[in-house]
Amino acid sequence: MSTIGTIESVQRPKAAGQSLRWSFDTRVYGLLLIVALLVLWEVSARLGWIVSSYWPPVSLVILAALRGLAGGDVLVTLLATLRRAAIGYASGGMLGIVLGLLLAMNRWLRYAILPLVEIVRPIPTPAVIPPLILFLGVDDALKIFIIALASFFPVFTNAYAGVSAIDDTLLQTARTFRASWMRTMTQVILPATLPAIAAGLRTATSLALVVAVISEMIAGSSGIGYFLVEMQYALRPDLMYAAVIYLAVTGYTLNRLFLFLEARFIPWLGKA
């Protein structure tokens, strides 16, 4: 018995160490690829492989990005985009969770509402911006509505599918113990669908940022999307590419934050 315990104690740290080493190696390889692409960008601009005034060296782009951050104006611009994205994401995500669970549990609601959802879902989000301008104008109401619409569908679809995938034994057990509808929802259905809901929320995170930028590019007067278009028209490719870098870093940070929260509140799915 003691021999088995000794073997297990030796094998577990080894397995954990191998997992940590594999995770570290994959991140290093990803970082090396990014560095290699940036070096290729720099060399192609410096040596004239791409002759264009709209292809500055990446060193100038990074310098412009750092100067923009030091000035503080870019942070205000980026925060305006994140504020709209956060409000729309929270609204659309919450509605997607509630409606997805309700429709999966109630067939009459499913018969009434699901056809409308399926009709609207395939429509590309940018395609509804021009008609909505007629009703909502070009202020924050338009952008937040568009972001909420884009965030709603992946969360709704995953919540709805998550209920369908629940083991029927769990529901039968709840009925056997005569659990109320609310107790069944909060203690059986919602915990069982959390992995699917988390997957939908993670997808919606990136969609919210993308749609926020698109809405600002089409009908905006502030935000990082409007800044990007403004720099394009001003013939400032360094600041234009700097805006793209801001968005890339922001998107990566939001994804890592989501994974951290997922590992904290849904430990059996932790990937941070």
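The protein chain holds 10 helices and 0 strands, with helices (H or I, at least four residues) and strands (E, at least two) taken as DSSP runs numbered from the N terminus. Read along the sequence, that gives the pattern α-α-α-α-α-α-α-α-α-α. The model is a predicted one, so to speak of local features takes a pLDDT of at least 70 and side-chain atom pairs count only at pLDDT 80 or more, while totals for chains, interfaces and linings use all residues. Residues are numbered from 1 along each chain as its sequence is written, and side-chain values use heavy atoms, with hydrogens and water left out.

Of the 272 residues, 34% count as buried (under 20% relative accessible area, with exposed meaning over 50% and partly exposed in between; 1.4 Å probe, protein chains only). Contacts (heavy atoms within 4.5 Å) reach well along the chain: among those between residues at least 6 apart in sequence, 67% join residues at least 24 apart.

On to the inside. Leaving aside residues up to four places away in sequence, Leu247 touches Leu209, Val213, Ile224 and Leu228.

Thr125 sits in the loop between helix 4 (107-120) and helix 5 (129-136). With 17% relative accessibility, Thr125 counts as buried, and beyond residues up to four places away in sequence it touches Ile146, Ala150 and Val211.

As for charges, the whole structure has 6 salt bridges (a side-chain nitrogen of Lys or Arg within 4 Å of a carboxyl oxygen of Asp or Glu). In one of them, Arg84 pairs with Asp140, the closest N and O atoms being 2.8 Å apart. Arg84 lies in helix 3 and Asp140 in helix 6 (residues 140-164), so this pair ties together parts 56 residues apart in sequence. Arg84 is buried at 4% relative accessible area, whereas Asp140 is partly exposed at 24%. Both belong to a salt-bridge network that links Arg83, Arg84, Asp140 and Glu216. Asp238 pairs with Arg236 at 2.9 Å between the closest N and O atoms; Asp238 is buried at 16% relative accessibility, while Arg236 is partly exposed at 36%.
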